[in-house]
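I opened the notebook to look up one residue and its surroundings. The entries follow in the order I made them.

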Amino acid sequence: MEKYEIKSEVCIFQDSELSAEDLEIVNLAKEATKNSYSPYSQFKVGAALRLANGTIVTGSNQENASYPLGLCAERTAIFHAQHMYPDQPIVALAIAAYANGHFHPEPISPCGACRQVMLEVEDRYKRPMRVLLYGASGTHVVSSVKSLLPFQFVNESLTK
Ligand code: THU
């Protein structure tokens, strides 16, 4: 038997320790929770991403009476950004969640479907995307989606 370990590095920042650029998208992700349409879960998620040219695009989760049709905040923001600015890599994405009258104390982790979509962004632009997971107790930052999804299925996997 062979065995290997996979490690992911996560850095936790307080607001005062974040760069101005990162703090800006964290705050915009928090702000974006206000536009969440989540009458079914009451769980408001906001996302804010920065493109290589500095443009910021935000999104929030959008639910539906036919539950599976709803879309997460991350994918709402990513798909809109890629539609509007198809030639711009996404360099950072911040996520925040608000429920029961307060921001989650611990960061929420993107769902598996969003991780796969986020991975495609890195693969498409051949550039890592930093992910900032806001929690009231601190923002957890990974330098690449690969830290959140260590086994990757990407375009190249189809041709091997
Ligand atoms: N949700 C997101 O928007 N992003 C996540 O990372 C996790 C979950 C949404 C989907 C649904 O509208 C609600 O949160 C509850 O699952």
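Which residues does Glu 74 touch, not counting residues up to four places away in sequence? I noted first that this is a predicted model. I then listed the contacts of Glu 74: Val 45, Ala 47, Leu 93, Ile 95, Pro 110 and Cys 114.

Next I looked up where Glu 74 is placed. I found Glu 74 in helix H2, which covers residues 73–84.

Is Glu 74 buried or exposed? I read a relative accessibility of 3% for Glu 74. Buried means under 20%, so Glu 74 counts as buried.

I also checked one distance. From C-alpha to C-alpha, Glu 74 and Leu 149 are 15 Å apart in space, and in sequence they are 75 residues apart.

Then I turned to the ligand. I wrote down the residues that surround the ligand: Ser 41, Phe 43, Val 45, Asn 61, Glu 63, Cys 72, Ala 73, Glu 74, Ile 108, Ser 109, Pro 110 and Cys 111. Val 45 and Pro 110 are among the residues around the ligand, and Glu 74 touches both of them.

Which atoms of Glu 74 lie 2.5 Å from an oxygen atom of the ligand, backbone or side-chain? I found a polar side-chain atom of Glu 74 at that distance. For Glu 63, I noted a polar side-chain atom 2.5 Å from a ligand oxygen atom. For Ala 73, I noted a backbone N or O atom 2.9 Å from an oxygen atom of the ligand.

How much of the ligand's accessible area does the protein cover? On its own the ligand has 370 Å² of accessible area, and the protein covers 75% of that. My last entry is that the ligand sits in the largest pocket.

Note on methods:
Residues numbered from 1 in each chain as written. Predicted model: local features only at pLDDT ≥ 70, side-chain atom pairs only at ≥ 80, totals over all residues. Heavy atoms only, no water. Helix = DSSP H or I, 4+ residues; strand = E, 2+ residues; numbered from the N terminus. Buried < 20%, exposed > 50% of the residue type's maximum accessible area, 1.4 Å probe, protein only. Contact = heavy atoms within 4.5 Å. Near = heavy atom within 4 Å. Polar contact = N/O pair within 3.5 Å; in protein donor to acceptor, adjacent residues only side chain to side chain. Areas by Shrake-Rupley, 256 points an atom, 1.4 Å probe, with all protein chains shown as cover. 1 Å grid on protein atoms, 1.4 Å probe; cavity = no way out; pocket = protein on both sides within 12 Å on 5 of 7 lines; lining within 4 Å. Sits in = over half its atoms within 2 Å of the grid points.
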